[in-house]
Structures are given as C-alpha cells and as structure tokens.
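Subject: Structure for your review

Dear colleague,

Please find below the structure that I am passing on to you. My notes on it follow.

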Amino acid sequence: MLKLGPIADDRPVKVTIEIPAQVYRDLSAYAEAHANATGQASIGPAKLIVPMLSHFMESDRGFARLRRT
C-alpha cells in the first residue's frame with residue numbers, strides 16, 4: 001500500500017461573473033493601494049479576487065466549523 005493518497009484535481013476552473021461597477025472600481029483602487037503598500041506593480045483587480053476569497057473563507061470561523069462536521 002502506498003502512503004501517498006489520491007492527488008487532488010488542482011486544474012484551474014474558469015468562472016465568469018458580473019460585478020457591480022462600484023465593486024470593480026473599489027477592486028481597482030485596492031489593487032493600486034496593494035501595489036503601493038508592497039512596492040510591486042499592480043496586478044489588477046481581477047487577480048485580487050481569488051486571494052481575497054481564499055482569505056475570507058480561511059478566516060470565517062463559522063465556515064471552518066461547518067467544514068469540520
């Protein structure tokens with residue numbers, strides 16, 4: 001028996017969403033603020049969505065409880 005278990009399918013999944021214009025403007029401003037704070041070039045608003053969602057879900061205690069059950 002191998003110790004290595006199944007390998008998760010980690011291929012990216014393309015998702016298309018519509019967001020309100022104000023949210024897009026806020027994401028754009030956040031991308032610029034992030035670039036200024038880190039000294040890096042702006043990655044743009046679209047590339048912020050995944051890390052922001054991941055961070056949100058990781059820090060949500062209620063979601064963590066649900067995943068454990």
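I begin with the lining of the largest pocket, whose residues divide into 10 nonpolar, 1 polar and 1 charged. Please note that the model is a predicted one. The residues that line this pocket are Val-15, Thr-16, Ile-17, Glu-18, Ile-19, Tyr-24, Leu-27, Pro-45, Ala-46, Ile-49, Val-50 and Leu-53. Two or more residues of the lining come from each of the elements α1 (21-38) and α2 (49-59). With 3 residues, α2 contributes the most to the lining. The volume of the largest pocket is about 250 Å³.

Is Val-15 buried or exposed? Val-15 has a relative accessible area of 61%, and the cut-off for an exposed residue is over 50%, so Val-15 counts as exposed. Val-15 is also among the residues that line the largest pocket.

As for the chain as a whole, it contains 3 helices and 0 strands. Along the sequence, its pattern reads α-α-α. The chain has 69 residues, and buried residues make up 9% of them. Its accessible surface comes to about 6,700 Å². Carbon and sulfur atoms account for 61% of that surface.

Yours sincerely,
A colleague

Notes: Residues numbered from 1 in each chain as written. Predicted model: local features only at pLDDT ≥ 70, side-chain atom pairs only at ≥ 80, totals over all residues. Heavy atoms only, no water. 1 Å grid on protein atoms, 1.4 Å probe; cavity = no way out; pocket = protein on both sides within 12 Å on 5 of 7 lines; lining within 4 Å. Points joined across faces, edges and corners; volume = space filled by probe spheres on them. Helix = DSSP H or I, 4+ residues; strand = E, 2+ residues; numbered from the N terminus. Nonpolar A, V, L, I, M, F, W, Y, C, P; charged D, E, K, R; others polar. Buried < 20%, exposed > 50% of the residue type's maximum accessible area, 1.4 Å probe, protein only. Areas by Shrake-Rupley, 256 points an atom, 1.4 Å probe, with all protein chains shown as cover.
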